[in-house]
Amino acid sequence: MAQISSVADGVRYLSQQWHSLLEVVVPYSDRLLSSDQRQGEIEALLDLLDELVPSATPALQSHIQMLSKQLRLALPQTLLFARRLDVVQEQASRVLGSEAVALVAWAWLRRAVLGPTSKHLLQSLNPAWRAVASELLATWDQAVRASSAVENWHSILRPHLAVHRTLSAGMLALLAVWHNHRIAPRGLHEKLSPLQRTGSTSSDTTWLAALGYSALAA
């Protein structure tokens with residue numbers, strides 16, 4: 001139990017550090033971490049996670065190894081939002097200085113207390129900073145760390161997972177064909193399928209026809 005507890009504490013600590021490094025902004029001393037610096041820090045955390053494996057029980061070792069593998073595979077895409085912020089943050093640092101930008105970022109992370117909104121927070125800053133800070137705050141407010149398209153796809157998968165408990169590659173492919181041919185009954189894309197919205201020239205109008213079951217589709 002002492003061994004399991006020690007490994008759990010290590011994984012918990014590393015997880016907290018990952019969450020911190022995946023915030024929209026990461027102030028560090030007198031500067032903000034760039035996306036490359038974040039990646040380096042996260043890779044170091046993953047190396048530490050790998051070092052926990054020998055200390056874990058055999059049953060836990062495979063879980064930690066799988067976690068490390070999945071995090072490494074996801075890392076490039078996970079930090080895309082940070083790479084888009086680099087240019088704006090570097091430009092602001094050249095004008096205000098890295099310390100000022102780090103201070104604005106620190107305040108933005110606590111805007112619920114100091115603001116409560118970015119607009120209110122801006123008014124409390126040095127007037128000489130406001131023009132540049134306004135662009136920074138707007139950029140951070142609009143930063144997207146998750147994809148609504150991905151969340152939408154997950155909402156489609158959940159009922160099937162509830163029934164089947166697992167999804168094979170074949171079932172996922174079948175669901176993708178069905179979804180891409182599904183006509184939206186309402187909303188912004190009413191009467192259009194995802195394929196039609198992309199300009200597809202496919203003559204198949206139903207997912208069954210696309211799979212070769214024309215008679216059933218009719």
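Leaving aside neighbours within four places in sequence, which residues is Asp 86 in contact with? The answer is Ser 34 and Ser 35, where contact means heavy atoms within 4.5 Å.

A word on the basis: this is a predicted model, in which local features need pLDDT of at least 70 and side-chain atom pairs count only at pLDDT 80 or more, while totals for chains, interfaces and linings use all residues. Residues are numbered from 1 along each chain as its sequence is written, and side-chain values use heavy atoms, with hydrogens and water left out.

Asp 86 sits in helix 4 (residues 80-96); helices (H or I, at least four residues) and strands (E, at least two) are DSSP runs, numbered from the N terminus. Asp 86 is buried but has no salt bridge. Buried means under 20% relative accessible area, exposed over 50%, and partly exposed in between (1.4 Å probe, protein chains only). A salt bridge needs a side-chain nitrogen of Lys or Arg within 4 Å of a carboxyl oxygen of Asp or Glu. The nearest side chain of opposite charge to Asp 86 is Arg 83, 5.4 Å away (Lys and Arg count as positive, Asp and Glu as negative; His and the chain ends are not counted).

Now to the outside. Val 113 belongs to helix 6 and counts as exposed because its relative accessibility is 73%. Along with Leu 103, Trp 106 and Leu 114, Val 113 makes a nonpolar surface patch of about 410 Å². Helix 5 (98-109) and helix 6 (111-114) each give two or more residues to this nonpolar patch. Patches are made of residues with over 30% relative accessible area and no salt bridge, with like charges joined within 9 Å and nonpolar side chains (Val, Leu, Ile, Met, Phe, Trp, Tyr) within 5 Å.

Here is the protein as a whole:

| Property | Value |
|---|---|
| Helices and strands | 13 helices, 2 strands |
| Buried share | 27% of 218 residues |

Key. Areas by Shrake-Rupley, 256 points an atom, 1.4 Å probe, with all protein chains shown as cover.
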